[in-house]
Amino acid sequence: MRALQIVSAGVLEVRDVPVPEIGPDEVLVKVAGAGLCHSDVHVRHAPEWPVPNMTLGHETAGHVASLGNDVTGLSEGDAVLVYLVWACGVCRPCIEGRDNVCVNTGGRYGMPPCPGLGPDGGMAEYIAVKARYLEPLGDLDPITAGPLADAGLTPMHAINGARHRLTPGSTVAVIGVGGLGHMGLQILKATTGTRVIAIDSSEQKLEIAREHGADETFLSDGDTAAKVLALTGEYGADAVFDFVGVQPTVDLATKIIAPDGALRFVGLGEGSFTYAADALTTTLPWGVDVRRSYGGTRSDQRQVIELAKLGKITVETQQYSLEEGIQAFDDLEAGTVRGRAILVP
Ligand code: NAD
Ligand code: ZN
Ligand code: ZN
């Protein structure tokens, strides 16, 4: 079969690889569509990549092609989504529903294995997955559903962890309305009564944000913080989701968060901020809680699928064939992808 692999650090190739064999508890999924995440771009440019000849793709949906002998509850042809977090399922955090911070598979600073970021992923004709990591999609189209596994899941988790600040009447800033951000915006509009400000460095992305119900859109420049503060009577945004994480957006996020606000860092753009533990330095207003939000839980995943089934959230997609996969990487890096790039094998 054909697969898009990272061959070694910095080297991507669409090449022939064997169709994966499945174990008794696994399912072979015929991939219908695989989303391309900005994390894949970070992987492409990582100075060292520890897993040579690995198939990329952690946003995968498709149809069940064949089932291991022990698998029950699924049938050939079922449309399925590959859940991102391949956690143990039995440790204390997993049992508590915090499988994204599994103690056995992620540990203190790590992450549970994700397809396409260790095990082979979905940018291929087929992927082998343990049956327990599959979520039925019902009537949802698997060509465009893959991004629900990360571009949908990750914002849902960040939002679910901030619900105490997402009350009607509050103001939320979404920084970066690309793959994750355009889904986060829709989840906020579908599940909260908040006023949502979308902020991006690209006018094209703000246009998408307006189509999906953003109440205000600001191009990020030197005046953005002042504009958000002016909108909120100089109080700030009750929640800020930074889906970029570069230095300018981290600076912006800390400048616009309101007292008691929920500050959520999701993007991995290597920005940082200083916290000063004294009464006079104003690095953050009083009461702000900061979360380094990672992925999402199985429960978050089910909620995302339900919202998609209800038609309340939609993945905007730009589709490429698998053979055009490297072009899709280049386009994502250039910032020209509308919503999410999908590779269709
Ligand atoms: P994307 O490329 O689809 O979207 C990024 C958006 O940010 C684009 O719309 C771009 O125009 C905008 N942007 C870039 N620089 C900006 C700036 N200075 N100010 C305002 N907007 C700016 O990327 P994505 O796939 O949505 O991923 C976003 C980030 O989230 C990446 O760093 C990715 O690695 C990370 N990520 C984190 C998790 C997690 O669990 N924490 C999960 C998935 C992705
Ligand atoms: Zn991702
Ligand atoms: Zn676990």
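Predicted model: local features only at pLDDT ≥ 70, side-chain atom pairs only at ≥ 80, totals over all residues.

Student: How many residues surround ligand 1, and which are the closest?

Tutor: Residues are numbered from 1 along each chain as its sequence is written, chains are lettered from A and ligands numbered from 1 in the order in which they are written, and side-chain values use heavy atoms, with hydrogens and water left out. A residue is near a molecule if one of its heavy atoms lies within 4 Å of it. By that rule 28 residues surround ligand 1, the closest being His38, Ser39, Asp200, Gly295 and Arg340.

Student: Which atom of ligand 1 is 2.6 Å from the side chain of histidine 38?

Tutor: Think of polar contacts here, pairs of N or O atoms within 3.5 Å; within protein, one must be able to donate a hydrogen and the other to accept it, and residues adjacent in sequence count only if both atoms are side-chain atoms. Serine 220 has a side-chain N or O atom 3.2 Å from a nitrogen atom of ligand 1. For histidine 38, a side-chain N or O atom lies 2.6 Å from a ligand 1 atom, and that ligand atom is an oxygen.

Student: Where does ligand 1 lie relative to domain 1 and domain 2?

Tutor: The domain bounds come from an automatic or database domain assignment, which gives domain 1 (2–151 + 315–344) and domain 2 (154–292). Both domains give residues to the shell around ligand 1, so the ligand lies between them.

Student: How far apart are the centres of domain 1 and domain 2?

Tutor: The centres are taken over C-alpha atoms. Their separation is 28 Å.

Student: Is arginine 264 buried or exposed?

Tutor: Arginine 264 sits in strand β13 (residues 257–265); strands (E, at least two residues) are DSSP runs, numbered from the N terminus. Buried means under 20% relative accessible area, exposed over 50%, and partly exposed in between (1.4 Å probe, protein chains only). At 1% relative accessibility, arginine 264 is buried.

Key. Helix = DSSP H or I, 4+ residues; strand = E, 2+ residues; numbered from the N terminus.
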